[in-house]
Amino acid sequence: MQKNLVIVESPAKAKTIEKFLGKDFIVKSSFGHIRDLSKKNFGIDIKNNFKPNYEISPDKKNVVSDLRKISKKTEIVWLASDEDREGEAIAWHLSEVLKLKKEKTRRIVFNEITKNAILKAIKNPRSINQDLVDAQQARRVLDRLVGFEISPILWKKVKPSLSAGRVQSVAVRIIVEREREIINFKSVFSYKIIGFFKIFNKNEKKNFSFKAEILKNIDTKKASFEFLQICKNSTFKVGDIEKNPSKKSPSPPFTTSTLQQEASKKLNFSVKQTMVVAQKLYEKGKITYMRTDSVNLSEQAIQNASDEIIKKFGENYSQIRNYKSKIKGAQEAHEAIRPTYFENINVSANYQEQSLYNLIWKRTIASQMSDAKLEKTKIIIEISKSDKNFVAKGEVILFDGFLKIYSDSINNDKKEEKNILPIMNLNDNLIMEEINATQKFSNHLPRFTEARLVKKMEDLGIGRPSTYAPTISTIQKRDYVIKKDMDGKKRDIFQLVLKNNEINEIKKEENFGKEKSKLFPTDIGMLVNDFLIENFTDILDYNFTANVEKNFDKIAKGKILWSKMLKEFYEPFHTKVEEIDNISERKISERFLGIDEKTNRKIFVRIGRYGTIVQLGEKSDEEKPVFANLKMDQHLETITFEEAKKLLKDGNEGRKLGVDPKTKKNISVRMGPYGAMVQMGEKIKDEKPQYASLKKGQNINTISLEEALDLLKLPRTLGDFEDEKVVIGIGRFGAYVKHNNQFVSLKKTDDPLKINLVHAIELIKEKREKDKKKIIKTFENEDLKIIYDRWKNPCILYKKKYFRLQKDSDFKNLSLDECLKIVGADKKLAKNNKKKVVKKRKTRKKS
C-alpha cells in the first residue's frame, strides 16, 4: 500500500512538489475544480436552505476515477490545493467526491512552493476549514442565482442570448459611465505661458538657458496678447529662491491588483496574461502565491531581502519596512507577491516569465530599501510691469536609495520633463529669449485600460484578487466591452510668440484623442447596463456589491451562516425579478433618425447580429434594406441623421469614379470588411463584382479612375519559378509576392503594379536567406525551431506562433523536450494523441 498521496490543482505544481518529497509520497493533480453546480433547476435546492446540487464535470470523470483508485490504496491523503477560498473549496470537493475518511485526510497549505515551505506544511497539517468553503459556496450560489434569474429577463426585454452577472454587470457599468462622461464632455481652451530665459555665469563665462512658466493659464487669446505686450516692455529678475529637502519612499510589494497594473504599464501585458505567467512562476516555485490583497512580508523574507540589499548595494541602502494593507475589504492575510529566493535573478528562459519575475524581484527589493533623498528648487521670476510671476522648478537627487533599481509607474503616470536650473542668486537680472502663449484644450477623463479597471474595482471593494481577471475576460467575451485602439484626430491650435521684441501668431496642428488598448462599451453593453440600472438598481449599486463581498468575508470568519445571508438576499431579489418580468417594457434597441429625401425611405440605427448598424428602409419595403456599420467612435444613442446618411453613402454606394472602357461596368471606391477597396460592377444574380484593395498611401477620397483600373489588374501572375507560379497582389496586410503558398512582403519602394518576375524572384530568394540567418537551431519536429525574431530576440517558432526567450539564457542548447514545455505543446500533443486513440477504439467497437 502506498503511504502518502498528495493532491494539488495543476500538473506543473505536482511536478515541482514531487521533487521535494521522498519516495513515500506520490503527487497527483485534480486539474482544477472537479465538480460544479448542475445546470438543472439552477443546481440549487432553494427551499432546502439553498443546498447546492453538484455534479462531476464530464472532462474530469477520468481524473476522479484515477484519484479514487489511488486514494483507496493510500494510507494518508494530503489535500494541497491553494490557500485561498477557492483552493479550500477544491480540497472539500475532493474530500466529498473521493469519500475520504477524516482520520486519513490531511489539509496542508503553503504560500510558496519551496522545499522548506512544503516540509513545514507536512509537519503542520490541519482539517478543512468549512467556513472558507461556505464563503466560496455562497459566492458561487449567489452568482448562479443572479445570472440564471436575470438572464432570461434580458432575453425577453432586450435581446436573445444575453446574460448578466453580479460582478461583471457592475464592471460594465463603470466603463459605460466613463464613456458617457466622455460623450458629454465639452472641451474648453486656455493659453499656457512658457518663458525661456538665460543668465550669464561669470565663473564659466557663458550663458545658461532654462525655462519657466506662469502657473495659471490665461483664458483668451486677447488677454494672452496683452500679457505678451507687457512682457515685451518689461525686465525680469530673480525674486525668490526656495530650496526644500524632499524624499521619495518606495511602494509596497505587489498585490494581485498592483502587479496587474504595473505589468500592463511596463510590460504591456493584459490582466489575463499577467495571471497566466504569474501562475507558471508560482508553480515552478519562483514566486509566492499570486492571488493576494496583502502587502505583508514574512520576517524571514524581510531579512533575506535586507541581506541581498546590503550585499549588492551596502548598508546605507537597506531600510526594513512593514506595510499594512489600505484596500477596502481586504481579505485573508496572505503574504505579498515576492520571489521565493532573492538570490535568484535569472529563473526562466521564457521571455515573459523572466520579465515578470524581474518586475516582482525589483519591486520587493525596493520595498525594503532606503528613501530617495531629493532637493527641490523653486525660482520665482518677477516681471517689472506685471504682478504675475514666472516659476521655474528643478529637482536634484542627493541620494538615489530605492530608485537605484526601481521606479514605480503606478503613481507616476505623468512624465515630468527634467528642467536643469543654473546657479542663480536673489535679484539676478535675466535675459528673456522667448515667451510662448500656446492654446491648450482641456481633456476628458481617460478611458479604462484593463489594469485601471482592476484598480477602480479594488477601490470600490468590488470583486477579489481571484475574480479580477475572469471578470474582465467575461465582459469582453460577451461583447459588452471591447478592447481596441483608436486613431487620434487633428485640430488647429494657435500660438503667440514673443521673440526679438516682436509678437507673431503661428497656426499649428496637433493630434488628440489617440487611444491604445482601452476598454470601450459596445452599444449592446450600454443598452443592457441601462436596463439593469433601471430595473435592478441594488444589483448594480457599487456599495451593494462591496457589502456582498464583506458578507462573504464574514462567512469566511464564521460570523454569519451562508444560508441565512443567501436567504436575506434572495427573497427580495426574486420578488423583484417576477415584478420586472410582468411589468417592465421591452428595451428598444433602435432609433428612428429620419426620412431619406432621395428614396423617401426611413433611416434607423439599431443593434444587429454583428454589431450596431445604420439601416435604410424596412423589410416590408419592395426594395431590400441597405446597411452600413458604425465607425469606432460612434454610438447608437449619439449618431446623427447626417452622419448615418454619410455612412450609408460611403459604405454602400461608395464614390463613383466612372466606367471601365473595356467592360462598360461602373467603377467605384468604398469601405469594405478589410478597409478601402475598389469595386467594378454591381451585385447581380448571375454576376459578382470584382474587388481590389487600395495600395498603401492611396486615399478613398482622392483615388482616380485610372488608378482604380490599375488596381483591378491585381492579383497578376508574373511567371513561373521552380515550377510554381509567382503572383503579385494586395491583401489586408499590404502588397505581397506569393510563391508556393509562401507570402513575401514587398518593400516600401516596390510598386505592385510595376514589379517584374526578376525582382520578385530576388525578393523570394532574399527572404529565404534572411530566414536562414534567423535560424538558431532546428529539430526533427519540423513544426518547431529556435530563431531570431525581427528585433533579433531569440524565440521559439512553433506552428506560426512565437515564444520569446531571454537573451542571456542558454537558448542555443535547449532540447526539443525543453522547447515543447516552454510552448506548452507537450500537453497539446498528448491530448491530440489521446483523442486519436479514442476515435480508433470507437471504430473497432462499431465494426
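## Hairpin, open sheet and a buried threonine

Strands β19 and β20 make a hairpin, with six residues between them. In the turn, N600 has a positive phi of about 60 degrees. The model is predicted.

Across the pair, G594 stands opposite I603 of β20.

Four strands build it, in the order β31-β32-β33-β34, with antiparallel pairing. Its edge strands are β31 (775–778) and β34 (801–804), and each of these pairs on one side only. From one strand to the next, the twist averages 25 degrees. Three bridges link β31 to β32 (residues 784–788), again in the antiparallel sense. Here T778 stands opposite K785 of β32.

Helix α21 (residues 816–823) packs on this sheet. The helix touches β32, β33 (794–798) and β34. Its direction makes about 85 degrees with that of β33.

| Strand pair | Sense | Bridges | Facing residues |
|---|---|---|---|
| β31 and β32 | antiparallel | three | T778 and K785 |

Now to T74. This residue is found in strand β7 (residues 74–79). Is T74 buried or exposed? T74 is buried, because its relative accessible area of 2% falls under the 20% cut-off. Its side chain reaches the backbone oxygen of I70 at 2.6 Å. T74 and L820 are 746 residues apart in sequence, and their C-alpha atoms are 33 Å apart in space.

Note on methods: Residues are numbered from 1 along each chain as its sequence is written. This is a predicted model: local features need pLDDT of at least 70, side-chain atom pairs count only at pLDDT 80 or more; totals for chains, interfaces and linings use all residues. Side-chain values use heavy atoms; hydrogens and water are left out. Two strands pair if DSSP finds at least two bridges between them. Helices (H or I, at least four residues) and strands (E, at least two) are DSSP runs, numbered from the N terminus. Axes are lines fitted to C-alpha atoms, for helices over the stretch in contact, and angles run from 0 to 180 degrees between N-to-C directions. Contact means heavy atoms within 4.5 Å. Buried means under 20% relative accessible area, exposed over 50%, partly exposed in between (1.4 Å probe, protein chains only). A polar contact is a pair of N or O atoms within 3.5 Å; within protein, one must be able to donate a hydrogen and the other to accept it, and residues adjacent in sequence count only if both atoms are side-chain atoms.
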